[in-house]
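Subject: Structure handover

Hi,

Here is the structure I promised to pass on. Please have a look at it in your viewer while you read my notes.

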Amino acid sequence: NDPWLGTGHLPDINIAMPIFRNEKLVGFAGSVAHSPDIGGRLRSPGNRDLYEEGLRIPPMKLIAAGTINQTLIDIIQNNVRIPEQVLGDLWAQVAANRMLGQRLLDMLDETSCDLVAVGHEMHARSETAMRDAIKAIPDGDYEYEARVDGFIEPVTIKCRISVKGDALVVDYTGSSPQLPRAINVVPIYTFAYTAYALKCLLAPTVPNNEGSFRPITTSAPVGSILNPQFPAAVSARAMTGHLLPTAIMGALAEILPHRVRAAAGSPLWCVQLAGSHEGHRFASTLFLNGGQGAGMAGHGISALSFPSNLANTPIEVIESQAPVRVVRRALRRGTGGLGETRGGDGQIFEIDLLTTEPVTMSFMADRLRTAAPGLRGGKAGATGRVLLDGKPIDPRETLIVTPGSRLTLETPGGGGFGPASAT
């Protein structure tokens, strides 16, 4: 789960398994899952370095020649708050990898296909399709600057896309420097959300594989918020990384107006809760969303995470995982930005804490001061708010909250697209 080797922060545990056929290595099965807890402080944008963020597991064997590495299991079990859930997810990943391996072997038994040849062909076709899509863009440099709240100063993502022939380079020089807070983004995550946005715009139907990403290069200065030096805190990396599609679409808005969307109100908001209730430990993460940005194709969708792949956590799940009661969930009508097409609305979400003991609580919440901007003349969406017992709080730092408290979250609206009509 090393952020620089995996997917960008410690809660994501990566497990790979070799697949053998007739004693010959034919491939690997891999899975990544976000663990419900990884020890340390709770995941919070206020964490100051990687050592506060939990247990860091280097590449090592979980199972070797059929024997479980009990030392590794003991280390994990003794460093997380809810070991039964964490280890349960770990073994579920192993089961998923084994199933993937078996399905591959079944396919090879049925078809006897040459995996290497098939792989090369898929990569080649995907690369050609992406290069053809890039060639359709006029050569040149395209720029945009995205901003969000940050801490003392706003965070700035400065993006320059340089297109030349059938390849492009995205340069983030000029973006904010690395911060002593957990909103830094490691290079692989920077590449992932850059490539994702470009693929949405240029070749959405092409399969995701090595070939489709070969024509894309990203760069960010060492020591910047998009290429931090170890041991930078990175647990809330999505608060910065999910801005990259906004920057990419903003840069290409003039030449691809029919494909881009304005900024989202919140790529994701979440609340982490941890504590004890009636003698039992719990740790839970609740996800909720703001409004999607609008586009030429239509209005933004309300309460939708983009570019995150997260759904709103169902009320039944929330109340079963943590001692809370959901009091209200409703759309924040009119919070999407105006325009020819309107940004999606945010939502209002209220919960009561039913715990018998104080609860540790942290947040990932942004756009409380910096609204999601519109595109091509569209207006900005409304900003969000976080309230505890009716009073605004700073969600960037971890809190200790007393039983019986009420938490209210008001997520931001998405930006509008195009000028609003006079009527």
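First, the ground rules. The model is predicted, so local features need pLDDT of at least 70 and side-chain atom pairs count only at pLDDT 80 or more, while totals for chains, interfaces and linings use all residues. Residues are numbered from 1 along each chain as its sequence is written, and side-chain values use heavy atoms, with hydrogens and water left out. Helices (H or I, at least four residues) and strands (E, at least two) are DSSP runs, numbered from the N terminus.

**The open sheet and its helix**

Four strands make an open, mixed sheet in the order β5-β6-β7-β8; two strands count as paired if DSSP finds at least two bridges between them. At the edges sit β5 (140-148) and β8 (216-219), each pairing on one side only. From one strand to the next the twist averages 15°. Inside the sheet, β6 (residues 155-164) and β7 (residues 167-171) pair antiparallel over 5 bridges, with Val163 opposite Leu168 in β7.

Helix α7 (residues 244-251) packs on this sheet and touches β5, β6 and β7; its direction makes about 140° with that of β5. Contact here means heavy atoms within 4.5 Å. The axes are lines fitted to C-alpha atoms (for helices, over the stretch in contact), and angles run from 0 to 180 degrees between N-to-C directions.

How many residues of α7 are buried? The count is 8 of the 8, so the helix is largely enclosed by the rest of the structure. For the cut-offs: buried is under 20% relative accessible area, exposed is over 50%, and partly exposed is in between (1.4 Å probe, protein chains only). Besides β5, β6 and β7, the cover over α7 includes α4 (187-202) and α6 (238-241).

**Strand β13**

β13 (residues 359-364) is mostly covered, with 5 of its 6 residues buried. It runs antiparallel to β9 (residues 269-277), joined by 5 bridges, and Leu273 stands opposite Met361. β13 also pairs antiparallel with β16 (residues 399-401) over 3 bridges; there Thr360 faces Ile400.

**Cysteines**

With a disulfide taken as a pair of cysteine sulfur atoms within 2.5 Å, the count comes to 0. Cys159 is in no disulfide, and the nearest cysteine sulfur, that of Cys200, is 15 Å away. That distance is too far for a bond. Cys159 is buried, with a relative accessible area of 1%, whereas Cys200 counts as partly exposed at 30%.

**Pocket and cavities**

These come from a 1 Å grid over the protein atoms alone: a cavity is a set of points where a 1.4 Å probe fits but cannot get out, and a pocket is an open set with protein on both sides within 12 Å along at least five of seven lines; lining residues have an atom within 4 Å of a point. Grid points are joined across faces, edges and corners, and a volume is the space filled by probe spheres set on the points.

The largest pocket has a volume of about 1000 Å³. It is lined by 32 residues, and the closest to its centre are Asp12, His34, Arg237, Asn309 and Leu310. β2, α2 (83-111), α4 and β10 (280-288) each give two or more residues to that lining, and α4 has the largest share with 6 residues.

There are 5 cavities of 30 Å³ or more. The largest cavity holds about 170 Å³ of space. Of its 17 lining residues, Pro36, Asp37, Leu42, Arg43 and Gln272 are the closest to the centre. β9 and β10 each supply at least two lining residues, and the largest share, 3 residues, comes from β10.

**Two loop residues**

Asn47 sits in the loop between β2 (24-34) and β3 (63-64) and counts as buried at 0% relative accessibility. Leaving aside neighbours within four places in sequence, its contacts include Arg41, Glu52, Pro180 and Ser235.

Val222, in the loop between β8 and α6, counts as exposed at 61% relative accessibility. With neighbours within four places again left aside, Val222 is in contact with Asn227 and Gln229. Its C-alpha atom is separated by 27 Å from that of Ala263, 41 residues apart along the chain.

Cheers
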